[in-house]
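Please read it alongside the sequence and the coordinates.

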Amino acid sequence: RTCRAAVEAELAGKPVIRLRFGVNSGSALAGNIGASERFVYTLLGDPVNLASRLEGLNKHVGTDILATREVQAAVDGKVVSRRVGYFFFKGFSRPVEVHEILGSLDIEEGTRAWREKFDQAVDIYREGRIEEAKEAFETVIKMRREAGVETGYKDADDKGDGPSRLYLGEI
């Protein structure tokens, strides 16, 4: 439901307000925290912290909706997504597999080619084949522009694909 709500918020056709979402799942403490003079309703716990870090990562990756692998697995076949890569976050000892939620199933076929090419490019990059990866990420940007399929992410600068640009910056 959360992934669908995030997608619908992006595609609602309302005045554009840039929103970024970090989606994770897990147990957390919810309730009023504080003293009698000041109560704050909040959520506490590692799942909340990771969701917050994902939300912040969107800005650097050039995406709008990022989710953990566990969330992506739960929504597989319900929304269109792609693996972005593995990231280390402050306060977490292991890398987290991060996925971008792109939109509803009606964009699945129109985005398939560049999503598959991006997945190949990430694998090539992880294998250390840097020149091949550079070419592959540049191809993804071109393919995504040419596909003309609207996804939740709007690249105002027409630079093509935020995650591909992130990897090209690393290269």
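## The sheet

Strands β1 and β4 pair in the parallel sense over 3 bridges, where strands are DSSP runs of E of at least two residues, helices are runs of H or I of at least four residues, both numbered from the N terminus, and two strands pair if DSSP finds at least two bridges between them. Within this pair, Val-23 stands opposite Ala-67 in β4. The model is predicted, so that local features need pLDDT of at least 70 and side-chain atom pairs count only at pLDDT 80 or more, while totals for chains, interfaces and linings use all residues. Residues are numbered from 1 along each chain as its sequence is written, and side-chain values use heavy atoms, with hydrogens and water left out.

The open sheet has 4 strands in the order β1-β4-β6-β5, with mixed pairing. Because β1 (21-23) and β5 stand at the edges with a single partner strand each, one side of each is left without a neighbour in the sheet. From one strand to the next the twist averages 30°, angles being taken from 0 to 180 degrees between N-to-C directions of axes, which are lines fitted to C-alpha atoms, for helices over the stretch in contact.

## Strand β5 and its partner

Strand β5 (residues 79-87) pairs with strand β6 (residues 96-104) in the antiparallel sense over 8 bridges, and Gly-85 stands opposite Val-98 in β6. Of the 9 residues of β5, 8 are buried, that is, under 20% relative accessible area with a 1.4 Å probe and protein chains only, as against over 50% for exposed and in between for partly exposed.

## Two helices

The axes of helix α4 (residues 108-126) and helix α6 (residues 162-170) come within 11 Å and cross at roughly 20°. That angle makes α4 roughly parallel to α6, a term for angles under 35 degrees. The contact, meaning heavy atoms within 4.5 Å, is made by Phe-118, Val-122 and Tyr-125 of α4 and by Pro-163, Ser-164, Tyr-167 and Glu-170 of α6.

## A buried loop residue

Thr-63 lies in the loop between α2 (46-61) and β4 (65-68), and is buried, with a relative accessible area of 0%. The side chain of Thr-63 makes a polar contact with the side chain of Asn-58 at 2.6 Å; such a contact is a pair of N or O atoms within 3.5 Å, where, within protein, one must be able to donate a hydrogen and the other to accept it, and residues adjacent in sequence count only if both atoms are side-chain atoms.

Note on methods. Parallel < 35°, antiparallel > 145°, perpendicular 65-115°, else oblique.
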